[in-house]
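Subject: Structure handover

Hello,

Here is the structure for your files. My notes on what was found in it follow below.

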Amino acid sequence: MIPRYSRPEMVAIWSPETKFKIWYEIEAHACDAMADLGVIPRENAEAVWKAKDVEFDVARIDEIEAVTKHDVIAFLTHLAEHVGSEEARFVHQGMTSSDVLDTCLNVQLVRAADLLLVGMDKVLAALKKRAYEHKDTVRVGRSHGIHAEPTTMGLTFARFYAEMDRNKNRLEKARWEVATGAISGAVGTFANIDPAVEEHVCAKLGLRPEPISTQVIPRDRHAMFFATLGVIASSIENIAIEIRHMQRTEVLEGAEFFSMGQKGSSAMPHKKNPVLTENLTGLARLVRMAVIPAMENVALWHERDISHSSVERGIGPDATVTLDFALHRLAGVVDKMLIFPDNMLENMNKFPGLVMSQRVLLALTQAGVSREDAYTMVQRNALKVWEERVDFREQLLADADVVAALGEDAINEKFDMGYHTKHVDTIFARVFGD
């Protein structure tokens with residue numbers, strides 16, 4: 001985690017203090033459940049709650065771990081220093097370290113997902129606002145980076161909204177999938193702890209009991225979670241790339257907001273660089289770095305090894321903190337983005353009328369011309385527009401074959417811009433449902 005690309009709310013989820021607080025709650029709730037079952041004395045379970053307001057000393061736990069070489073044992077030793085050795089002697093009864101570690105990790109991932117969903121809602125709100133604002137702002141669509149046919153800026157924002165809305169649905173499902181806990185003991189057989197303890201702890205922590213664990217919660221759940229984060233990051237990059245292309249000097253159909261006092265270059269004072277969206281492209285790469293390791297964590301030896309552990313200590317905080325920051329940055333970029341409609345029209349008219357070529361082609365085929373001949377007739381006029389920057393409509397009107405097939409009025413009618421935007425409202429209704 002780099003402070004430059006972090007928000008404190010997400011960082012706090014992964015702090016040692018938060019982790020130890022969750023570990024404590026797992027152990028305390030487990031003691032309550034065991035007391036209810038008569039496995040341990042009620043007074044011992046109640047004694048554990050004496051530490052409910054304690055801020056666990058991270059440095060002290062690290063000091064103990066330096067000797068024990070075991071993080072959970074170090075924590076339990078420190079907990080006994082607050083509760084009392086005799087009172088704490090039933091803590092962790094029948095449990096294994098993974099019961100604490102895995103359940104805690106999933107609590108953290110659920111909390112992280114909740115923050116990410118807030119960020120996604122901000123992105124969706126910004127995209128929807130800009131979509132309606134520019135629903136009818138005509139711009140040229142591009143395929144392969146080349147002028148294709150007219151579209152609108154509103155449709156550009158709307159398709160990004162639809163993509164992010166799908167991602168929100170994916171993240172909600174990934175949150176649900178990872179929201180399980182396991183208090184099943186060594187190799188997951190409940191030999192030394194009753195399944196009722198797991199049910200109680202999970203209910204208290206907002207999780208579901210893992211249907212079958214080994215000594216760990218199955219890592220296919222986590223693989224799906226991080227894969228979802230990777231998809232969201234790719235969608236962020238998709239939007240960022242579009243904005244970066246729009247801000248290119250020779251395009252300039254849109255741009256990041258440039259604040260008073262901002263500098264674009266240390267060498268060239270005229271520069272206005274798309275630094276935020278370039279940053280988002282880089283952050284997306286960082287998030288996707290977590291996906292393959294998470295998938296490789298699925299395959300563990302027998303009932304458990306810890307090859308996944310070191311990976312998750314890194315990718316858990318890094319991927320969620322980075323994506324959280326990226327979502328909030330993207331929301332701000334979209335919300336404050338500058339749009340230049342006049343430049344959109346100017347760009348579309350760099351090759352006058354050329355974007356109407358398909359409509360003329362279709363009209364010729366409907367008029368009885370073979371598709372091969374129609375394509376040849378349209379293309380020979382289109383190439384003159386490319387090469388000489390002449391007006392496409394004028395070229396068609398001067399082409400005897402085209403005029404013979406369509407007539408002048410029909411040719412002129414094919415250059416109505418409204419033809420390409422007539423279904424914008426239909427598309428918006430599909431995307432936004434209103």
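Threonine 180 comes first: its place is in strand β3 (residues 180–181). Helices here are DSSP runs of H or I with at least four residues, strands are runs of E with at least two, and both are numbered from the N terminus. This is a predicted model, so local features need pLDDT of at least 70 and side-chain atom pairs count only at pLDDT 80 or more, while totals for chains, interfaces and linings use all residues. Residues are numbered from 1 along each chain as its sequence is written, and side-chain values use heavy atoms, with hydrogens and water left out.

Threonine 180 is buried, at a relative accessible area of 1%. Buried means under 20% relative accessible area, exposed over 50%, and partly exposed in between (1.4 Å probe, protein chains only). Which residues does threonine 180 contact, leaving aside neighbours within four places in sequence? They are Asn106, Leu207, Arg208, Glu210, Ile217 and Arg221. Contact means heavy atoms within 4.5 Å.

Next, helix α2. It covers residues 16–36, 21 residues in all. At 1.5 Å a residue it should span 30 Å, and its end C-alpha atoms are 30 Å apart, which agrees. The expected span is 1.5 Å times one less than the number of residues. Glycine 38 follows α2 and has a positive phi, near 80°.

Now the salt bridges. The structure holds 26 of them. The criterion is a side-chain nitrogen of Lys or Arg within 4 Å of a carboxyl oxygen of Asp or Glu.

One is local. Glutamate 63 pairs with arginine 60 at 3.3 Å, N to O. Both lie in helix α4 (residues 58–68), three residues apart, about one turn of the helix. Glutamate 63 is partly exposed at 48% relative accessibility. Arginine 60 is partly exposed too, at 26%.

Arginine 139 has two partners to look at. The side chains of glutamate 242 and arginine 139 meet in a salt bridge at 3.0 Å, N to O. This pair links distant parts of the chain: glutamate 242 sits in helix α9 (residues 220–247), arginine 139 in strand β1 (residues 138–143), 103 residues apart. Both residues are buried.

Glutamate 253 also forms a salt bridge with arginine 139, with the closest N and O atoms 3.1 Å apart. Glutamate 253 lies in the loop between α9 and β5 (254–255) and arginine 139 in strand β1, so the pair ties together parts 114 residues apart in sequence. Glutamate 253 is buried, with a relative accessible area of 0%. For arginine 139 the value is 4%. Salt bridges that share partners join Arg139, Arg142, Arg159, Glu242 and Glu253 into one network.

Last, the annotated span. An unreviewed UniProt entry lists residues 352–432 as "domain: Adenylosuccinate lyase C-terminal". UniProt positions are in the numbering used here, feature names are shortened, and annotations may be inferred rather than shown by experiment. In the model, this span is 74% helix and 0% strand, and its end C-alpha atoms lie 34 Å apart.

Lysine 414 lies in the loop between α18 (408–413) and α19 (418–421). Is lysine 414 buried or exposed? At 11% relative accessibility, it counts as buried. Lysine 414 touches Met356, Arg359, Val360 and Ala363, not counting residues up to four places away in sequence. Lysine 414 and glycine 353 are 61 residues apart in sequence and 9.8 Å apart in space, C-alpha to C-alpha.

Best regards
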